[in-house]
Amino acid sequence: MEDSLEYRQRLLQEYKRAAMPLFRYLPWLEKSAGTQASSIYQGQDIGAHSIAFPVYDATLLSFIKEVSGSSLMDRNYRYIYTRNRIQSHEDERRLIKRAGWRDWDVLKGILSYYVLGGRTKAVLWSQAVSEGIFFLVLEKMKEIIEYWDKPFDC
C-alpha cells in the first residue's frame with residue numbers, strides 16, 4: 001500500500017497543506033542564516049542580581065507560532081534523533097540533504113527538536129536560524145512537494 005500512487009498523493013497533499021504556509025518565511029530564514037536572531041536584553045534597569053533574558057526577532061516569533069500550531073510538530077522528536085544517531089548540526093544537515101518523501105518524519109523531527117525544545121532552552125531557536133537548520137528543513141520540504149506534486153508517469 002505504501003508504494004501505491006494514491007497513497008503517495010494523499011500523503012503529499014497532507015504534507016503540502018501543512019508546509020505551504022511556512023514557505024513565506026524562506027527568504028527571511030535564508031537571509032538570517034549565519035546571524036543571531038536574538039539578543040540579550042540590556043535595559044537600564046538591569047541590576048547585578050537580575051536575570052538576563054533573550055529578545056527574539058519578531059519574524060522568528062511569528063514563524064515559531066505558526067509552525068507550533070501546524071501538524072509538522074512531532075512530540076516524539078527524540079526518537080528521530082536516537083534512531084538516526086543525530087548528535088551534531090552536520091548530522092542534521094546530512095539527513096536533511098538526503099531526505100525524500102518517505103523521510104518526512106525525519107524532517108518533522110528535526111524541526112520539532114528546535115521549535116519545541118526552544119520553549120525550554122532559549123538558545124535553540126536562535127541556533128536553528130544561525131545554523132540554517134530551519135531554512136534547510138523548509139527548503140527540503142518545498143523541494144519534495146514540488147518534485148512529487150506532479151503526476152507520476154511510467
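These legends accompany close-up views of a predicted model of one protein.

View 1. Start here to get your bearings. Reading from the N terminus, the elements follow the order α-α-β-β-α-α-α-α-α-α. The protein has 154 residues, and 40% of them count as buried. Its accessible surface amounts to about 9,500 Å², with 50% of that belonging to carbon and sulfur atoms. Now think about which parts of the chain meet. Among contacts with a separation of 6 or more, 73% are between residues 24 or more positions apart.

**View 2. Helix H8 covers residues 133-148.** Follow this helix from one end to the other: its 16 residues reach 23 Å from the first C-alpha to the last, close to the expected 22 Å. Which residues of H8 are buried? They are Ile 133, Phe 134, Phe 135, Val 137, Leu 138, Lys 140, Met 141, Ile 144 and Ile 145. Look around the helix to find what covers these buried residues: the cover includes helix H1 (5-19), helix H2 (26-32) and helix H3 (58-68). Helix H5 (89-98), helix H6 (104-117) and helix H7 (123-130) also belong to that cover.

View 3. Is Leu 26 buried or exposed? Its relative accessible area is 6%, and buried means under 20%, so Leu 26 counts as buried. In sequence, Leu 26 and Leu 138 are 112 residues apart, yet in space their C-alpha atoms are 7.1 Å apart. Leu 138 is itself one of the buried residues of H8.

**View 4. In helix H5, Arg 93 and Glu 90 form a salt bridge.** Side chains of opposite charge can pair when their charged atoms come close. Here the side chains of Arg 93 and Glu 90 meet at 2.8 Å, N to O. The two residues are 3 apart in the helix, about one turn. An α-helix has 3.6 residues a turn, so residues three or four places apart point the same way. Arg 93 is partly exposed at 22% relative accessibility, whereas Glu 90 is exposed at 53%. Glu 131 joins them in a network of salt bridges. A search of the whole structure finds 5 salt bridges.

**View 5. Helix H5 also holds Arg 94 and Asp 91, whose side chains form a salt bridge.** Look for the N to O distance of 3.3 Å between these side chains. Arg 94 and Asp 91 are 3 residues apart, about one turn of the helix.

**View 6. Back in helix H8, Glu 143 and Lys 140 are about one helical turn apart.** Their side chains meet in a salt bridge, with 3.1 Å from N to O. The spacing is about one turn because the two residues are 3 apart in the helix.

Key:
Residues numbered from 1 in each chain as written. Predicted model: local features only at pLDDT ≥ 70, side-chain atom pairs only at ≥ 80, totals over all residues. Heavy atoms only, no water. Helix = DSSP H or I, 4+ residues; strand = E, 2+ residues; numbered from the N terminus. Expected span 1.5 Å × (residues − 1). Buried < 20%, exposed > 50% of the residue type's maximum accessible area, 1.4 Å probe, protein only. Contact = heavy atoms within 4.5 Å. Areas by Shrake-Rupley, 256 points an atom, 1.4 Å probe, with all protein chains shown as cover. Salt bridge = Lys/Arg side-chain N within 4 Å of Asp/Glu carboxyl O.
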